[in-house]
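Here are my notes on this entry, point by point. Please keep the structure open while you read.

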Amino acid sequence: MTKQLLMLTSITYAMKSKQILAKHSISSEIQRTPKNKSSTGCSYSLYIPQNIDTAEKILREHGIKILGRIDKSDVI
Amino acid sequence: MLIYLDNAATTYPKPIAVSNSACQAVKLYGANPGRSGHNMSIRTAEEIFKCRQAIKNMFNADSEENIVFTLNCTHAINTVLKGYLKPGDHVVISSMEHNAVVRPLTELAKHGITYSVAPVIFNDNDATVDSFRRAINASTRLIACTHASNVWGARLPVERLTALAHQYGIRIMVDAAQTAGIFPVDLQNDRIDFLCMAGHKGLYGTMGTGVLIHPAEISLVR
């Protein structure tokens with residue numbers, strides 16, 4: 001299965017999301033979204049090794065705006 | 001022996017933990033957050049996020065993301081006045097306001113934003129609230145007032161002024177330069193819309209720091 005990341009809007013939301021997921025026992029790692037994938041220029045993504053669908057659902061329920069998904073292979 | 005009496009300007013001495021933290025940031029991880037992906041940048045971003053959470057908890061703000069780090073309280077106040085108001089708007093301020101409020105409004109008056117000064121009646125909060133009420137007109141969009149005056153030491157009844165503002169569908173900005181860290185402020189209970197504060201007075205942070213907390217639904221970016 002391709003490893004995917006959730007694209008978020010800023011480092012603040014990335015930090016907040018990481019904490020939210022940690023409370024739900026889902027581990028994640030913050031990574032910079034590649035420029036060619038980001039329309040805003042300064043966005044961050046969360047690499048979620050397991051349960052990404054569940055993680056996305058949880059984050060959306062917490063009002064976190066998710067811009068989409070990218071493949072981990074796209075991140076240097 | 002030094003006796004320092006200028007704490008209303010900036011507090012001294014700062015707690016040792018403050019100088020240690022600032023030193024640690026500069027020495028160990030002081031990279032630019034929010035732009036890069038390397039370890040130092042992420043570490044710095046983590047420390048900033050912890051600071052957001054500490055502020056959110058201290059003032060019972062809605063969320064971490066509505067906390068803006070400014071250069072000082074004056075910067076926070078200017079951000080609200082210049083970001084929220086537009087030509088045609090009217091503001092009510094108290095007769096005890098700091099230049100940080102009066103000077104930008106004097107300048108904004110050249111651009112169609114008007115303001116009225118509600119006299120503060122010392123030791124009579126009923127009369128003070130009433131003077132604010134009489135100053136409100138159909139164009140009033142904001143009440144801007146100090147929480148406590150650095151000159152008089154008098155505290156305004158901001159909870160009552162917030163209720164008054166909201167009764168008229170008006171927002172309120174509170175200049176908490178002298179009170180943040182001294183008097184408790186609970187944003188969810190007190191319902192103050194814009195809270196402006198200095199980082200370097202009652203919060204005992206370093207100079208060059210300030211905080212603005214604003215409602216999620218309001219953008220101050222033009």
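1. **The sheet of chain A.** In this predicted model, strand 1 of chain A runs antiparallel to strand 3 (residues 44-47) of chain A, and three bridges join them. Look at Met7(A): Ser45(A) stands opposite in strand 3 of chain A. Strand 1 (residues 4-7) of chain A also pairs with strand 4 (residues 68-71) of chain A. That pairing is antiparallel too, over four bridges. Here the bridge partner of Met7(A) is Gly68(A).

2. **Chain A as a whole.** Chain A holds two helices and four strands. Along the sequence the pattern reads β-α-β-β-α-β. Chain A has 76 residues, of which 47% count as buried. Take the contacts in chain A with a separation of 6 or more: 70% of them join residues 24 or more positions apart.

3. **A positive phi in chain A.** Ser25(A) is not a glycine, yet its phi is positive, near 60°. Where does Ser25(A) lie? Its place is the loop between helix 1 (11-23) and strand 2 (29-32) of chain A. Ser25(A) counts as exposed because its relative accessibility is 71%, and the cut-off for exposed is over 50%.

4. **Helix 2 of chain B.** This helix covers residues 39-59, 21 residues in total. From first C-alpha to last it reaches 30 Å, close to the 30 Å expected at 1.5 Å a residue. Its buried residues include Ser41(B), Ile42(B), Thr44(B) and Ala45(B). Further along, Phe49(B), Arg52(B), Gln53(B), Ile55(B) and Phe59(B) are buried too. Why look at the spacing of such residues? An α-helix has 3.6 residues a turn, so residues three or four places apart point the same way. After helix 2 of chain B comes Asn60(B), with a positive phi near 50°.

5. **The largest nonpolar core.** Which residues of this core touch the most other members? They are Phe59(B), Phe132(B), Ile143(B), Leu195(B) and Ile213(B), out of 32 residues in the core. Several elements of chain B give two or more residues to this core, among them helix 2, helix 5 (125-135), strand 4 (140-146) and strand 6 (194-198). Helix 6 (158-167) of chain B is also one of these elements, and it gives the largest share, four residues. Apart from this core lies another, of 24 residues, including Tyr84(B), Ala100(B), Cys196(B) and Leu212(B). In soluble globular proteins, nonpolar side chains tend to be buried together.

6. **Phe59(B) up close.** Residues up to four places away in sequence are left out here. Among the residues that Phe59(B) touches are Leu195(B) and Ile213(B), both named above for their core contacts. Phe59(B) also touches Ala180(B), Gly181(B), Val185(B), Asp186(B), Leu187(B), Met197(B) and Leu203(B).

7. **The largest pocket.** Its volume is about 990 Å³. Of its 26 lining residues, Cys51(B), Phe69(B), Gly205(B), Thr206(B) and Thr209(B) are the closest to the centre. Helix 1 (16-29), helix 2, strand 1 (67-70) and strand 7 of chain B each supply at least two residues of the lining.

8. **A cis peptide bond.** Check the bond between Tyr12(B) and Pro13(B): it is cis, with omega about 0°. Pro13(B) belongs to the segment before helix 1 of chain B.

9. **Two buried residues of chain B.** Is Thr179(B) buried or exposed? Thr179(B) counts as buried because its relative accessibility is 1%. It lies in the loop between strand 5 and helix 7 (187-190) of chain B. Leaving aside neighbours within four places in sequence, Thr179(B) is in contact with His147(B) and Ala148(B). Gly83(B), in helix 3 (residues 73-84) of chain B, counts as buried because its relative accessibility is 11%. Gly83(B) and Ala163(B) lie 80 residues apart in sequence and 23 Å apart in space, C-alpha to C-alpha.

Note on methods: Residues numbered from 1 in each chain as written. Chains lettered and ligands numbered in written order. Heavy atoms only, no water. Expected span 1.5 Å × (residues − 1). Buried < 20%, exposed > 50% of the residue type's maximum accessible area, 1.4 Å probe, protein only. Pairing = 2+ DSSP bridges. Core = buried A, V, L, I, M, F, W, Y, C linked by side-chain atoms within 4.5 Å. Contact = heavy atoms within 4.5 Å. 1 Å grid on protein atoms, 1.4 Å probe; cavity = no way out; pocket = protein on both sides within 12 Å on 5 of 7 lines; lining within 4 Å. Points joined across faces, edges and corners; volume = space filled by probe spheres on them.
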